[in-house]
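Hi everyone, thanks for making time.

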Amino acid sequence: MVRKLTAAALATLVVSCAPETQNPVKVRALVLSGNGEYVPTEVELQTVTDIVALEGQVAKMRGGARVVLDSNDPEANAAKTEEAFLRALLKEEGQPVTAHYITDEQGVLWPADFHTWNLVTTYYNLERAWDYFNKVVDVKQAELPQMTAYYFPEFIIADTSDKPMRDNAIFFAPTQSFMVLPFETITKAPLAINASVLTHEYAHMVFNRRVYNGRSLPDPITAWSLSGGIYTPALNVIKSLDEGLADYHAYVASCRSTFGCNKRVLYTSFEDKSESDRDLSKTTCMSRELRELLETANFNSVFSGHEYQVGTILASALVNAEQSAADREMLAREVAAAYSDTNPSKPGFNQLAQAALTDQTKFTLARAARAIIRHISDFNLKQRVCSQFATRLQIPVEDLTGVSTGDATSDDCPASTTTLVGVCESINP
């Protein structure tokens, strides 16, 4: 629960008009404390260049935007370039936000209203995600450009409803932007202040830039959606990777926080089955039904949550393979390295997907798993990840070692790989 400012604290504040921006900026944001409550906490914004407009190296906030995704929109359908498609979707571009502050006796800025608290915390959480991917995951700053973050936009997906969406925070690839939507039914922490949720969304942006070359309309999604009919196995796998690895990075990033490692991305904002189902501390295993759905369903056509189910198993496998903080950060780097790699002996998701554009059978969960495994340098960590993948994802050991495909390399799972006893009931022959 978000703790209210006390009268004593308010008494120490003095009015400030249009504060100057000098990095780092000391400001109060709503941060999850060690006892599980969001409290006003003094933080430093390292990258902001305009504290009033909340604009900086990481993001520029925009309010009042209107985005409409409509399959019957003639302007969108006539677009020949991604830039034209973006212009068609963005019905109103919005304008810079204006944050209001009060300065205390120590010169620390306190947000003066609800929206300023929300905006400051949003920028702070995006900056923390940016810092995590740059410093821990070793994604170069050139790959992490300034992103537009639309604050409380009117976002309509016309094919499903004519009403603006609520209660979400998303990375929206078609506009290459983040959206913090108005909340309506969330009774706990707004998503803008949930650092794990915003790190999850930031991870989608990194995935998009590495796996899809930063495209608004990625080739694999377009090709597999159009060619697969009702069955889109490769699309199902890549969407599951995107969701699961976003949760995994949100978990690893959380370990740098005051609260500590958070294996429950949604728990401070939701109290429902969706939160419980994505709890990485639980034992999750691939079922026969879910594996069949990977092959015979279309995760892109109807929101079923199956991509989250597969993704949670993948993320849980990675979490359970670690034995130390060093393992955790090493694995996070090596997972991200597997997103794109032009080395023909260990191609990344990007290269595997491009090679499978006309044949979805070439992009499978086993091939994607091997891409991750081939990027793990530490033998003991590799062996643990292999056992977790074989056990939780139910990928046959011979597929992970390369024996079944006849292209085994020293970077694949070792021949000694076995499943873990007593964790998951095997669904393999």
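Strands β14 (residues 169-172) and β15 (residues 177-180) run antiparallel, with 4 bridges joining them. When I say helix or strand, I mean DSSP runs numbered from the N terminus: H or I over at least four residues for helices, E over at least two for strands. And strands count as paired if DSSP finds at least two bridges between them.

Before I go on, some housekeeping. This is a predicted model, where local features need pLDDT of at least 70 and side-chain atom pairs count only at pLDDT 80 or more, while totals for chains, interfaces and linings use all residues. Residues are numbered from 1 along each chain as its sequence is written, and side-chain values use heavy atoms, with hydrogens and water left out.

Which way do the side chains of β14 point? Ala169 and Phe171 go one way, Ile170 and Phe172 go the other, and all of them are buried. Buried here is under 20% relative accessible area, exposed is over 50%, and partly exposed is in between, using a 1.4 Å probe and protein chains only.

Most residues other than glycine have a negative phi. Asp138 isn't a glycine, yet its phi is positive, about 65°. You'll find Asp138 in the loop between α4 (114-135) and β12 (147-151), and at 43% relative accessibility it counts as partly exposed. Asn213 is another non-glycine with a positive phi, about 60°, and it sits in the loop between α5 (195-211) and α6 (219-227).

Now the aromatics. How many aromatic pairs does the structure hold? The count is 16. Rings of Phe, Tyr and Trp (its six-membered ring) pair if their centres lie within 6.5 Å; planes under 30 degrees apart are stacked, over 60 edge-to-face, and the rest tilted. Take Tyr132 and Phe133: the ring centres are 4.9 Å apart and the planes are at 70°, so that pair is edge-to-face. Both Tyr132 and Phe133 are buried.

Then there's a tilted pair, Phe207 and Phe349, at 6.3 Å centre to centre with 45° between the planes. This one links distant parts of the chain: Phe207 is in helix α5 and Phe349 in helix α12 (residues 349-355), 142 residues apart. Phe207 is buried at a relative accessible area of 0%, and Phe349 is buried at 0% too.

On to the cysteines. How many disulfides does a search of the whole structure find? It finds 3, counting any pair of cysteine sulfur atoms within 2.5 Å.

Cys255 and Cys261 make one of them, with the sulfur atoms 1.9 Å apart. The torsion about their S-S bond is about 125°, so this disulfide is right-handed. Cys261 is partly exposed, at 36% relative accessibility.

Next up is Cys285 with Cys424, sulfurs again 1.9 Å apart. Here the torsion is about -75°, so the disulfide is left-handed. Cys285 lies in the loop between α8 (273-277) and α9 (288-296) and Cys424 in the segment after α15 (397-401), so the pair ties together parts 139 residues apart in sequence. Cys285 is partly exposed at 28%, whereas Cys424 counts as buried at 15%.

And then Cys386 joins Cys413, S to S 2.0 Å. With -95° about the S-S bond, that link is left-handed. Cys386 is in helix α14 (residues 379-392) and Cys413 in the segment after α15, so this pair ties together parts 27 residues apart. Both Cys386 and Cys413 are buried. Number the bonded cysteines in sequence order and the pairing reads 1-2, 3-6, 4-5.

Last stop, helix α10. Of its 16 residues, 13 are buried, so α10 is largely enclosed by the rest of the structure. At 1.5 Å a residue, α10 (residues 306-321) should span 22 Å, and its end C-alpha atoms are 23 Å apart, which agrees. That expected span is 1.5 Å times one less than the number of residues.

That's my tour, happy to take questions.
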